[in-house]
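Hi everyone, thanks for coming.

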Amino acid sequence: MNKNFSFIILTYNEEIHLPRLLNSIKGLQASIYILDSGSTDHTLKIAEQFKVEIKVNKFENHPKQWDYALKNFDIQTPWTIGLDADQIITPELYKMLEEFDAEKHRDINGIYFNRKNFFQGSWIRFGGYYPIYLLKMFRTGIGFSDLNENMDHRFIAPGKTITWKNGHILEENLKENDLNFWFAKHERYSDLIAQEEIERMKKLRVQSLKPNLLGSPDERKAWLKRLWWKLPLGIRPYLYYYFRMLFQLGILDNKTGRHFHFLQALWFRRLVDKKIKELKYGVR
């Protein structure tokens with residue numbers, strides 16, 4: 001059994017994804033813990049076949065679900081890796097994990113992985129979507145879930161972090177091949193984000209990380225979010241969309257990729273702003 005790290009995975013009706021992920025990590029012989037939020041398909045049967053530890057917790061949002069997982073699984077290894085069910089690790093990242101020596105990383109508290117995001121079979125290479133570095137590996141008991149977010153999830157590892165630019169997480173939600181699923185999911189997400197922004201306006205939420213354009217990947221994201229909140233509602237989705245398409249070269253993605261940028265950067269952000277106005281002014 002791997003003594004360096006363990007995996008935690010969140011699931012909800014992931015029978016289409018879970019075998020793919022578990023097969024990509026099973027050779028590492030690490031302990032695997034799954035927190036499910038009430039799956040009604042074969043997710044838990046699949047998990048049992050891989051002999052993982054399973055807990056069930058009602059889902060409220062991703063940050064709270066990860067917080068529950070970190071606090072309720074008895075992780076015995078010095079490092080924890082948190083993965084989503086629609087992700088897999090590449091052979092290159094597998095090799096890096098296989099060769100990982102906890103003793104040689106005693107002054108490190110967190111490691112960023114490089115992610116490739118896919119939508120309906122296409123790698124979203126441009127528009128600011130690659131490279132994207134996510135803090136996915138952190139020292140057990142030190143890394144935690146950022147509860148100051150309502151929808152966007154991140155782990156925080158105080159202290160020194162490093163970034164692995166080689167090796168990748170591949171992320172593709174196959175359920176999103178059905179656009180009706182994508183729209184329904186983002187309708188829910190827009191409610192969470194709109195409520196979060198209203199709470200930030202009322203000073204009920206503060207950023208956990210210090211915004212820093214020259215800092216870690218998450219500190220840079222915090223800086224950009226702070227800028228985003230200052231932009232005028234209704235106009236900022238257009239600014240963001242054209243910034244992604246032109247300055248971040250989203251126009252160079254294929255037809256599927258360009259459609260993704262339209263949906264995620266413009267349609268979704270317009271929906272969020274509309275719901276913020278409804279909550280703030282009662283405007284429909």
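**Aromatic rings in this model**

There are 18 aromatic pairs in this structure. To pair, rings of Phe, Tyr and Trp (its six-membered ring) need centres within 6.5 Å; planes under 30 degrees apart count as stacked, over 60 as edge-to-face and the rest as tilted.

Let's start with Tyr129 and Phe260, an edge-to-face pair with 5.1 Å from centre to centre and 85° between the planes. This pair links distant parts of the chain, 131 residues apart: Tyr129 sits in the loop between strand E7 (122–123) and strand E8 (132–139), and Phe260 in helix H8 (residues 255–281). Helices (H or I, at least four residues) and strands (E, at least two) are DSSP runs, numbered from the N terminus.

Are Tyr129 and Phe260 buried or exposed? Both are buried. Buried means under 20% relative accessible area, exposed over 50%, and partly exposed in between (1.4 Å probe, protein chains only).

Next come Trp182 and Trp267, a tilted pair: 5.8 Å centre to centre, with 55° between the planes. Because Trp182 lies in helix H5 (residues 179–201) and Trp267 in helix H8, their pair ties together parts 85 residues apart in sequence. Trp182 is buried at 1% relative accessible area, while Trp267 is partly exposed at 26%.

Finally, Phe5, Phe7, Trp79, Phe100, Phe113 and Trp164 make up one aromatic cluster.

A word on the background: this is a predicted model, where local features need pLDDT of at least 70, side-chain atom pairs count only at pLDDT 80 or more, and totals for chains, interfaces and linings use all residues. Residues are numbered from 1 along each chain as its sequence is written, and side-chain values use heavy atoms, leaving out hydrogens and water.
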